[in-house]
Amino acid sequence: MLSAACAKLREQMPIAANWAYFDHAAVGPISGPAQRVLQTWSRQAAEQGDTVWPEWARAVEQTRRAAASLIGADPTEIALVPNTTLGIHFVAEGWPWQPGDNLVVPADEFPTNAYPWLNLASRGVETRRVQSNRPATVDVDQILAACDARTKIIAASWVGFASGWRLDLEELVERAHARGIAVLLDAIQGLGVFPLDVRATPVDFLAADGHKWLLGPEGAGLLYVRRERLEQLRPLGVGWHSVVHAHDFDQINPVWKGNAERYEGGSQNMAGQMALGASLELLAGVSLAEISRQVWKTTSEITARLINLGATLYSRREAEQHASGIVSFVLPTEDPQATRARCFEQQVAVSCRGGRIRLSPHAYQNADDLDRLFRALAAR
């Protein structure tokens, strides 16, 4: 049973009319408000060209404010970036590394939070990938045990893309900072579901695209850089928009903006960013606390019904603080790809990751969606 707020969210999700959608950890459907923004932009761009640009620019700044509000940041600490990868790249390549430095990441990260760090090997920087002793978990003790006096950054996902394990951020940040180590958070699988206040949990950097749980289009995301860390990073991707005199094209003077906008070097994906802003405002109207409660309720019911179906669970659900919107499992004697194909035939969207089926419901999935899902799963 959906809460009243989540039922209203469902009304703003066009996908719900056709699909039982359990694939937000891959690419989520855009919301109705985001769809309308894109339609309006397309019409304006075709009929009025850049005469509407100032209006778009104001809307983009509203997206920046909405993104800052989402995580308790100041808008000056937010850069609007195309994707999580580029956000992590700005930190990985901008950090003042010295040969012999190292960083630590969990071993089972999505490639986005591995390749930018591994690419530093040519600069004499070691990437230490830590495999947990317990499957489908991330152990903070093990991460810290891999650190030493030359460790500069710990980079970790808030929620594991395959397992759904939700990291204990408070513990990680507190213990890392006590050792003088910065923390970068790949937040793409948590933002839009769980509340986060970067003042109370002072991560140093955060990157996330908006095309999953934030219900925005691909190519529009955010990078958070804590104010105290901004000057520590070398500016990258710089262009006309990076400087304090951004609209004075006759002056060439590399005086970078004193905020995270310095990473927005050139022309932006204004349509995507405006659409993301519309979805952020929609989610804010529900509240992330309400969304996380609904997602916990839905995933708990899914887990119970999977057990009754004889499924083997991969995601660990013993403690609510480590659970997320992701549930990963296999059915006995069936290839997961065959399961996924059968679900798609019945307009039930699921993913395969790591040789398992991955379900990722948002807060608007209702009882009918769950019944459709389990009819498809049981039809083997």
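I took a cavity to be a set of points, on a 1 Å grid over the protein atoms alone, where a 1.4 Å probe fits but cannot get out; lining residues have an atom within 4 Å of a point. Grid points are joined across faces, edges and corners, and a volume is the space filled by probe spheres set on the points. I note that this is a predicted model, in which local features need pLDDT of at least 70, side-chain atom pairs count only at pLDDT 80 or more, and totals for chains, interfaces and linings use all residues. Residues are numbered from 1 along each chain as its sequence is written, and side-chain values use heavy atoms, with hydrogens and water left out.

Cavity. I searched the whole structure and found one cavity of 30 Å³ or more. The largest cavity has a volume of about 40 Å³. I listed its lining as Thr 76, Glu 77, Val 225, Arg 227, Leu 230, Gly 258, Asn 259 and Ala 260. By class, this lining holds three nonpolar, three polar and two charged residues (Ala, Val, Leu, Ile, Met, Phe, Trp, Tyr, Cys and Pro count as nonpolar, Asp, Glu, Lys and Arg as charged, and the others, Gly among them, as polar).

Helices H1 and H8. I took helices as DSSP runs of H or I, at least four residues, numbered from the N terminus. Axes are lines fitted to C-alpha atoms over the stretch in contact, and angles run from 0 to 180 degrees between N-to-C directions. The axes of H1 (residues 4-11) and H8 (residues 270-286) come within 9 Å and cross at roughly 160°. H1 is therefore roughly antiparallel to H8 (over 145 degrees; under 35 counts as roughly parallel). For contact (heavy atoms within 4.5 Å), I recorded Ala 5, Cys 6 and Leu 9 in H1 against Leu 282, Leu 283 and Val 286 in H8. This contact of H1 with H8 has six nonpolar, no polar and no charged residues.

Helices H9 and H11. I found H9 (residues 288-308) and H11 (residues 367-378) packed at an angle of about 25°, with axes 12 Å apart. H9 is therefore roughly parallel to H11.

How values were computed:
1 Å grid on protein atoms, 1.4 Å probe; cavity = no way out; pocket = protein on both sides within 12 Å on 5 of 7 lines; lining within 4 Å. Helix = DSSP H or I, 4+ residues; strand = E, 2+ residues; numbered from the N terminus. Parallel < 35°, antiparallel > 145°, perpendicular 65-115°, else oblique.
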